Amino acid sequence: MSTSAFSTFLAVVRKELRDIRRDRRTLALALLLGPLLYPALMLGMGSLAEKRARTQLEKTLEVPVVGAERAPNLVDFLATRGIRAVKPPADLEGAIARQEVDVALEIAPDFAEAWREGRPAKVELVLDSTRRDADIPSQRLRSALRAYAQQMGALRLLARGISPTVTEPLNLAQRDMASEQAKRGQLLSLLLPYLLIITSFLGGSALILDATAGERERQSLEPLLATPARRGAIVSGKIAAACLLGLLSLLLTLLAFKASAQVAGDTGRLLDVSATAIAKMLLILVPMLFIGTALLTFLAAGAKSMKEAQSHMVWLMLLPMVPTILLTVNPLKAQLWQFAVPFLAQNQMLLKVIRGEAIAPQVWALYLAAGFALAAVLWYGAVRRYHQERLAISA
């Protein structure tokens, strides 16, 4: 870059940063929304889920039982597991549909007869499987019933002089190779990558929308383009200013995660907030920051108004969700080619950091090369769009 082009570049950077600094409300939202909202959302949701699970696991569970008099021993056994049988409502199915009852138990009329004859005695769980709040109560009841069945089965075999181990031809054991850090990060791996990716992808949107579509709408872009300054230097200055703003917002977000995790108790310990982990996440997200800013520059430069440019934000916010949904529905084994695919690569890299896994040098090389190459292509497209003379014409 020549001296004059570099001077233009620095002048545009200073101009855009000075303009966004004057709009204090927009600057505060751009810098503080992520650092304040995302850690509170992540850690708050984790705390609520932890509190809910602890409350439902520790308190006595009241379960409506239809036909409790048919199996008194079973009812007594459930009581030892913290499950108390209560009288069912007149309309049990309606009560479940109205979410007045989480789960109920129905004991078949021929339960006693089948029990005496040594046949499987039928008990039926009544629940709505689509209700998430019924998961823990139904799992508690199902686990207690399974334990009662195993205990009674073993006693029947012993009564006949048969060792209960006869029914267990396999002694199944499990050796979990997952590290403790990977287990702790399992919950965060569902939401944290998406939040960080979208923070970096759209981190410079507030500045770049105003610096492109906003200036065109205010008719202040034409005098800038009429100067002898090179278009490439002008575009690069706008992108650089937006990236600086996005980088600051991203850094504040990561530091906010670090600070909030240290005071969040058990939930906060799920997140690795060491300086090394924060540095790795920042390095992973920098290419996405350049990609998002350059793409938004290209799109907003073709918009005739701020409203038209802001309409792109709807589908741009959905793009980072694609790999998260894909990996949830169809988990993929990490392969080298994945680290060259936008959004999927960032998701996989962040998962490695969250799980505490080492990232091979060739993975870093491919990821950074592919990310910055795509950013360069989008930057070139934005520069070419700024060479269009109709860009200086407002709506």
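**Rings and helices in contact**

Phe201 is buried, at a relative accessible area of 2% (buried means under 20%, with a 1.4 Å probe and protein chains only). Keep in mind that this is a predicted model, where local features need pLDDT of at least 70 and side-chain atom pairs 80 or more, while totals for chains, interfaces and linings use all residues. Residues are numbered from 1 along each chain as its sequence is written, and side-chain values use heavy atoms, without hydrogens and water.

Who is the ring partner of Phe201? Its centre lies 5.1 Å from that of Phe343 and the planes meet at 80 degrees, so the pair is edge-to-face (ring centres of Phe, Tyr or the six-membered ring of Trp within 6.5 Å; planes under 30 degrees apart are stacked, over 60 edge-to-face, the rest tilted). Phe201 belongs to helix α8 and Phe343 to the loop between α15 and α16, so the pair ties together parts 142 residues apart in sequence. Phe343 is buried too, at 12%.Helix α8 (residues 192–201) also packs against helix α12 (residues 275–301), at about 50 degrees and with axes 7 Å apart (axes are lines fitted to C-alpha atoms over the stretch in contact, with angles from 0 to 180 degrees between N-to-C directions; helices are DSSP runs of H or I, at least four residues, numbered from the N terminus).

Elsewhere, Phe77, Phe111, Trp115 and Tyr148 are linked by ring pairs into a cluster. Within it, Phe77 and Tyr148 make a tilted pair, 5.1 Å between centres and 50 degrees between planes.

Conventions. Helices (H or I, at least four residues) and strands (E, at least two) are DSSP runs, numbered from the N terminus. Buried means under 20% relative accessible area, exposed over 50%, partly exposed in between (1.4 Å probe, protein chains only).
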